[in-house]
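Colleague: I have just opened this one and would like a tour. Could you start with the aromatic rings?

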Amino acid sequence: MKKLEPCNPNFKEYTQLMISRNKFIANLGFIFTKIEPGYLEGELEFKEIHQQQNGWLHGGVTATILDMIQGFASYTMVEEGQKVFTVESKISYYNPGNAPKFFSRGGVVKPGKRFHFCEAEVYYIKEAEEIIVAKGSATMAVI
């Protein structure tokens, strides 16, 4: 992803405030580890509550992580007080995931005044290799 310039000098604090207001992601146990203009990273310690019937990472958990990475990356690119929400999303699932920890990264590919176009991925590490679980793209509305 290309380096983006935030329009808000306090983008990090504003994004962290929005993250703190999201109770669902906190209850899921997902932690954001990097916040940069238009880009975020995070991780999830895999627990039984995250599993689907075959013991793999649940698709709904994966979708949530992708949505949060993309949505909060959008918050890094707006003015303080503006809001962001998902208006369109697509997810492609590549591999089932069963690992102690999952990672995600992604961000804004093309920012705009009314919409941000975003991409993200969820993966795990096996024998020093990244295994992609899913990739997503989304359009975020800015109001």
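Modeller: Gladly, and please keep in mind that this is a predicted model. Searching the whole structure turns up seven aromatic pairs.

Colleague: How are the rings of Tyr-14 and Tyr-75 arranged?

Modeller: Their centres are 5.8 Å apart and their planes stand at 65 degrees, so this pair is edge-to-face, since planes over 60 degrees apart are counted that way.

Colleague: And where in the chain do those two sit, Tyr-14 and Tyr-75?

Modeller: Tyr-14 belongs to helix H1 (residues 11–21) and Tyr-75 to helix H3 (residues 59–75), so the pair ties together parts that are 61 residues apart in sequence.

Colleague: Tyr-14 and Tyr-75, buried or exposed?

Modeller: Tyr-14 is buried, and Tyr-75 is buried as well.

Colleague: What about Phe-102 and Tyr-124, how do their planes lie?

Modeller: The planes of Phe-102 and Tyr-124 are at 75 degrees with the ring centres 5.7 Å apart, so that pair is edge-to-face. Phe-102 is in strand E4 (residues 101–110) and Tyr-124 in strand E5 (residues 115–126), so here the parts tied together are 22 residues apart in sequence. Both Phe-102 and Tyr-124 are buried.

Colleague: Which residues form one aromatic cluster with Tyr-14?

Modeller: That cluster is made up of Tyr-14, Phe-30, Phe-32, Phe-72 and Tyr-75.

Colleague: Changing topic, where is Gln-52 found?

Modeller: Gln-52 is in the loop that runs between strand E2 (39–45) and H3. Its relative accessibility is 18%, and because buried means under 20%, Gln-52 counts as buried.

Colleague: What does the side chain of Gln-52 reach?

Modeller: It reaches the backbone nitrogen of Asn-54, at 2.4 Å. If neighbours within four places in sequence are left aside, Gln-52 is in contact with Leu-57 and His-58.

Colleague: Stepping back, how many helices and strands does the chain have?

Modeller: There are three helices and six strands, and along the sequence they follow the pattern α-α-β-β-α-β-β-β-β.

Colleague: What radius of gyration does the chain have, and what would a compact globule have?

Modeller: The chain has 15 Å, which agrees with the value near 15 Å that a compact globule of 143 residues would have. The C-alpha trace spans about 45 × 30 × 25 Å along its principal axes, and 45% of the 143 residues count as buried.

Colleague: Last one: what share of the contacts joins residues 24 or more positions apart?

Modeller: Taking contacts with a separation of 6 or more, residues 24 or more positions apart account for 67% of them.

Technical notes: Residues are numbered from 1 along each chain as its sequence is written. This is a predicted model: local features need pLDDT of at least 70, side-chain atom pairs count only at pLDDT 80 or more; totals for chains, interfaces and linings use all residues. Side-chain values use heavy atoms; hydrogens and water are left out. Rings of Phe, Tyr and Trp (its six-membered ring) pair if their centres lie within 6.5 Å; planes under 30 degrees apart count as stacked, over 60 as edge-to-face and the rest as tilted. Helices (H or I, at least four residues) and strands (E, at least two) are DSSP runs, numbered from the N terminus. Buried means under 20% relative accessible area, exposed over 50%, partly exposed in between (1.4 Å probe, protein chains only). A polar contact is a pair of N or O atoms within 3.5 Å; within protein, one must be able to donate a hydrogen and the other to accept it, and residues adjacent in sequence count only if both atoms are side-chain atoms. Contact means heavy atoms within 4.5 Å. The radius of gyration is taken over C-alpha atoms; the globule rule is 2.2 Å times the number of residues to the power 0.38.
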